[in-house]
Amino acid sequence: MSHKEDNGGKGSSHRTDLYASIPRTCLPIVYHSDYNITFMGLEKLHPFDAGKWGKVIHFLKEEQLITDGNIVEACEATEEDLLVVHTKRYLNRLKWSLVVATITEIPPVMFLPNFLVQRKVLRPLRTQTGGTIMAGKLAVDRGWAINVGGGFHHCSSDRGGGFCAYADITLAIKFLFERVEGISRATIIDLDAHQGNGHERDFLDDRRVFIMDMYNRHIYPRDGYAKRAIKRKVELDWGTEDSEYLQKVELHSEGALNEIRPDIIIYNAGTDILDGDPLGGLSISPHGIVKRDEIVFRAAKRRGIPILMVTSGGYQKKTARIIADSILNLHRQGLIGPEALEGEGSSSMVTSMMCGPGSSGSTFTTV
Ligand SMILES: [Zn+2]
């Protein structure tokens with residue numbers, strides 16, 4: 001498989017750690033304890049469980065899907081990595097605490113010296129961004145990958161917002177296009193409750209990227225300019241419930257994938273569609289979220305298309321449990337796992353892998 005070579009053969013690119021090879025003994029689940037934002041209780045000022053990522057990992061360990069040694073440790077995206085998409089001007093603006101306070105919607109951040117903002121707020125977000133880029137390559141190699149964080153779909157190359165400071169989805173796709181042979185078309189399936197205006201602005205005129213977006217039409221960001229990039233737009237009303245929602249997910253994800261067959265699917269699996277979410281305004285049950293993820297993974301697997309999932313928005317106290325339950329369900333259904341690529345018409349090749357703590361010794365395994 002030519003497209004599996006590290007750093008691919010596509011012209012000159014900067015050197016990056018994010019595409020370093022990962023032992024086959026690791027599951028393509030990406031995480032780092034640095035994902036979690038904790039700083040003097042500041043994180044509590046946001047309507048957010050800013051430690052949800054660590055809790056997902058905790059639940060997955062409890063259920064013995066993963067161990068300390070068999071998942072992939074995310075690396076922080078460097079400035080050079082970020083410059084693949086972001087402008088220098090934008091990255092320089094993040095050196096102003098006021099700008100970061102505005103983007104992350106945590107007002108007190110404006111009073112912190114920027115070195116603290118960098119360390120306590122932006123580093124976690126850069127590490128999650130690195131995780132999404134790494135998961136992109138893993139998805140191509142293994143047929144699936146999950147970044148337990150990421151999904152900052154309101155950020156574009158020159159503009160952050162809605163808690164999103166880096167455009168991790170755009171970055172993951174651009175890295176794949178630039179570095180991996182055979183990857184030239186991507187489909188984004190964005191099922192967060194909000195419109196994904198960041199990646200939409202970035203790919204507005206890029207015919208290689210097909211965007212399906214399903215969101216509450218009445219809430220932030222209502223970005224009409226970005227909507228022009230959506231090839232399959234599904235606008236929902238307040239309080240949409242499971243049956244209508246799941247029917248639409250099935251119909252439109254199948255429809256999107258029938259319309260254009262991509263080389264990779266980026267699935268933005270925001271859980272702010274959950275009933276009671278203070279921002280999302282939809283009424284989907286925990287079971288509905290588990291079913292939704294299953295529908296999308298099934299559509300990908302049936303076609304043998306690699307899928308990268310990021311967890312995006314959704315920060316109620318019960319959110320982490322639901323994300324973990326969904327990942328466990330995907331595993332039970334045979335949609336993820338060491339052999340997830342086999343069968344159902346896939347041309348890919350994973351035969352067998354030993355998973356477990358035997359993979360120690362690599363600097364890329366962890367937690
Ligand atoms: Zn959202």
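## Strand β7 and its partners

Strand β8 (residues 307-310) runs parallel to β7, and four bridges join the two; helices (H or I, at least four residues) and strands (E, at least two) are DSSP runs, numbered from the N terminus. Strands count as paired if DSSP finds at least two bridges between them. Within this pairing, N268 has V310 in β8 as its bridge partner. On to β4: it pairs with β7 in the parallel sense over five bridges, and T187 has I265 in β7 as its bridge partner.

This is a predicted model, where local features need pLDDT of at least 70, side-chain atom pairs count only at pLDDT 80 or more, and totals for chains, interfaces and linings use all residues. Residues are numbered from 1 along each chain as its sequence is written.

## Covered on both sides

How many of the residues of β7 (residues 264-268) are buried? Five of its five are, with "buried" meaning that 20 or more other C-beta atoms, placed from the backbone, lie within 10 Å of the residue's own. I264, I266 and N268 sit on one side, I265 and Y267 on the other.

β7 also belongs to a right-handed β-α-β unit with α10 and β8. Right-handed here means that, with the strands pointing away from the viewer, the path from the first strand over the helix to the second runs clockwise.

## The nonpolar core

Nonpolar side chains tend to be buried together in soluble globular proteins. In this chain, the largest nonpolar core has 108 residues, and A165, I266, I307 and L308 have the most contacts inside it. Such a core is a set of buried Ala, Val, Leu, Ile, Met, Phe, Trp, Tyr and Cys residues joined through C-beta atoms within 7 Å. Helix α5 (residues 114-142) gives the largest share of this core, 10 residues.

Take L308: leaving out residues up to four places away in sequence, it touches residues including A135, A172, I264 and I266. Contact means C-beta atoms, placed from the backbone, within 7 Å.

## A loop residue, L191

L191 lies in the loop between β4 (186-190) and α7 (197-202). Is L191 buried or exposed? It is buried, because 28 other C-beta atoms lie within 10 Å. Beyond its neighbours within four places in sequence, its contacts include M214, V249 and N268. L191 and M214 are 23 residues apart in sequence, yet 5.3 Å apart in space, C-alpha to C-alpha.

Notes. A residue is buried if 20 or more other C-beta atoms lie within 10 Å of its own, exposed if 12 or fewer, and partly exposed in between; C-beta atoms are placed from the backbone. Two residues are in contact if their C-beta atoms, placed from the backbone, lie within 7 Å.
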